[in-house]
Amino acid sequence: MKSSEIRSSFLEFFKNKKHQIVPSAPIVVKGDPTLMFTNAGMNQFKDIFLGNSPVRYPRVADTQKCLRVSGKHNDLDEVGLDTYHHTMFEMLGNWSFGDYFKEEAIDWAWELFTDVYGIDKDNLYVTVFEGDENDGLAPDREAYGYWKKHLPESHILFGKKKDNFWEMGDTGPCGPCSEIHIDIRREAEKKKTPGRELVNRDHPELIELWNLVFIEFNRLADGSLQPLSNKHVDTGMGFERLAMVLQGVRSNYDTDIFTPIIASIAEMTGKKYGQEEKNDIAMRVIADHLRAVAFTIADGQLPSNTGAGYVIRRILRRAVRYGFTFLGFEQAFLYRLLPVLVEQMGEVFGELKSQQKLVEEVLKEEEQAFLRTLSQGIKRFEQHTRQLEKGAVIDGGFAFELFDTFGFPIDLTQLMAREKGFSVDMEGFNKGLEAQKSRSRKAASVEAGDWVVVNSGDNETVFVGYDQLEAQAKLLRFRKMQAKKKTVFELVLDLTPFYAESGGQLGDKGVLENEFETLHVLDTKKENNQIVHLVAEEPKHFHADYLARVDAVNRWQTANNHSATHLMHAALRKVLGSHVEQRGSMVSADRLRFDFSHFARMSAEEIRQVERMVNQKIRENIPGNTEEGLKLHQAKAKGAMALFGEKYGDEVRVITFDPDFSVELCGGTHVQSTGEIGYFKIVSEGGIAAGIRRVEAVTGEKAEDFVDNQLDALHRIKELFKGQRDVVAAVTNLVEQEHKLQKEVEQLQREKAAQAAGELLQKAERIGEIHFIASKVAMDMAQAKSLAHKLRSLSERVFVVLAMENGDKVNLVVALSDDLVSGGMDAGKIIKSISGHIRGGGGGQAHLASAGGKDPSGIEEAFAGARVLLN
């Protein structure tokens, strides 16, 4: 079977079993603080398992894009080294929400494997939960009994809690599971060792294919288990592994999922896959990582230096690094492989095709930027190791600096070290790495208490905030949350006027009050489909109803900015072209931020056109029209734009300001008519990634304040040029004069430095064959470095130490002539050894280094310390 047939057969099978086939959720998770990426098929159904969303379809099946690169599910470092680990993979799954349970799940899994896919039953083994005394759980005899209908007992094994009891996290839904394993070893090996002895022993050819999870408990924060009122089935099967089995190959990378990409890499490099292990590893890394990065960017996550964006950048750089080191790619290459991936998977995952140009541009720019960084890191490595003797150990702190600053994986540093006859202090490197991980863990650490249930009721909060800013509400439950040494309480109400952060709009603030207490709502968020109110105070008198009151001014200003965002989006498309699509947004009471696709800087005239168009629509005072409960296809037929990286439900909400101008799918809060916005002004425009621009703007009083501040600044400038008719010309003339004078000053400084250099060299102290120059100079750091550089190049065997005093601060510069550097001396090490005398520190390169300190009285001691190094 081709991979496309394997996928379609799975979905068709469960469709015939009365399952609703649903699309994959985006790979980037929104509205769940516990996850960055979708790492399992069940993620999009988590709200149902938690009881926070109603069951729309009792039976569901899908193929889900997953990414496992962070937290406990982190396969990144294994990818490429073996033939079965992946970062991005597809998970085929079927679910039952309170409908069928163990018997049907087991029977259908057997039917699909043996009747549809034709897998030899003699090669199949299954595991069931052996029970756990600590949890008071007996062995899963029920599942064991159902499997006996299909398999001999020699192929049914009891498994430990680690393998056969699935848990969503430290708390939450959980239950026993039954894994299906397949033995794909050759016959001779099967005769030597029975397959049952290798199940769950990490054998590369006796592998788990499918996990059937039977969710029937809820794990509480105290570790105890509570039976669920409804039992669910959650299954997950690795698509790539299944394809390997059905296509009769020994590696996932030998399936038609990967072979087209690997063939393209081989063609680009002139190297054949399967001939040299290090090249094969690099090709597998690139094929896997291309998929991970392309799908994630297509779903709305751009590479960056924080959070999910940092993870994507790290994956991309790992692929580039393997291509650079082992396959000889010195120019960007990943983006050239993208069309092969789109050809393969664009029909199944349409976002890959629709976002192809964006993904290509982002890949290309990220690759080029990293190749430049890689080049700088290699130069830094060469400088550091220049004075080391063969067999030396490279400092672990320096290896970590390469990793942290230049993105060098430690294995690259080790490879470069081995080529020069060095080794790397791995203990020192690991200390730096562990310290970094510890800082990250502490920053991300969140302690959540158990929910305290106050009132029973529907778990889904009714939102009434579109029409009212106050409402009487009951507290359903609350819990204590601790993060970064701060304590807040999360409250869930039966109904609320508070808008929870989503779609770029920040959450409402306000108060919850009754006759006994007032709770201040700091923020409102949506977590696992619950509207959660974050308050500073622990609720004490929660059996009385609360008046939930939203901060009206904050909400009104936020609504102004949200509606202005819609108008600006429409104006950008009119002015720049229909290729403009939203790529992210943030709407608060103070300002709005809008990221969009466009491949050039906006000109001043284009910005002015957008502003005029938006302000024209504001003056027209266009009434806003809200339509709720529309089907997605109906909304699109009206011209509504579906936004980048968002997953929409069956029914959507459409906001319209003039059907010929702005029609968008949106769940946010808006003005009744555009005139309420008052005034709109763009305050900045710039690029944030390849093909992505960012505009920040303000409205209403904030816009007036911005314009007033600009006019005030202009007025002050005019005051400085009294009598000048043309202020712009006057300022231009002043700048030109300043440039001219600056050049004259620089020339004088060069002449002064040359004169000073000659004088200092004549006064140099001879220590052996070395010209030792130690002197205080009255100049800034840049001038001192220029002087030091001049001195080191005037003669051979020159050792320079310059000191500059500035009040209670002091700077040192050390410079060495090239012949001293070649002989093993290092200005960076020298500056570190003498800077302690001025109560400071510094560093630099082998030929020139600098330091800063707080004790000018130590200058002479620093000079003496340098002189001692020559005796």
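**Helix packing and an antiparallel sheet in the predicted model**

The crossing of the two helices is right-handed. On the side of helix 17, the contact is made by L567, M568, A571, L572, K574, V575 and L576, and these residues meet E606, Q609, V610, M613, V614, K617 and I618 of helix 18. Classified by residue type, this contact of helix 17 with helix 18 comprises 10 nonpolar residues, 1 polar residue and 3 charged residues.

Helix 17, which spans residues 552-576, also lies across strand 28 and strand 29, and its direction makes an angle of about 115° with that of strand 29. These two strands belong to an open sheet of 3 strands, arranged in the order 27-28-29 with antiparallel pairing. From one strand to the next, the twist averages 25°. In general, the strands of a sheet pair through backbone hydrogen bonds, in either a parallel or an antiparallel manner. Here, strand 27 and strand 28, the latter consisting of residues 651-657, run antiparallel and are joined by 5 bridges. Within this part of the sheet, N625 is placed opposite T656 of strand 28.

The loop that leads from helix 18 to strand 27 contains N621, a residue that is not a glycine and yet has a positive phi of about 50°. The relative accessible area of N621 is 39%, so this residue is classed as partly exposed, a category that lies between the limits of 20% for buried and 50% for exposed residues.

A positive phi is also found at R797, where the value is near 55° in a residue other than glycine. R797 is located in the loop between helix 22, formed by residues 781-794, and strand 34, formed by residues 798-806. With a relative accessibility of 30%, R797 likewise counts as partly exposed.

Terms used:
Residues numbered from 1 in each chain as written. Predicted model: local features only at pLDDT ≥ 70, side-chain atom pairs only at ≥ 80, totals over all residues. Heavy atoms only, no water. Pairing = 2+ DSSP bridges. Helix = DSSP H or I, 4+ residues; strand = E, 2+ residues; numbered from the N terminus. Axes fitted to C-alpha atoms, helices over the stretch in contact; angles between N-to-C directions. Contact = heavy atoms within 4.5 Å. Left-handed = near helix turned anticlockwise from the far one by under 90°. Nonpolar A, V, L, I, M, F, W, Y, C, P; charged D, E, K, R; others polar. Buried < 20%, exposed > 50% of the residue type's maximum accessible area, 1.4 Å probe, protein only.
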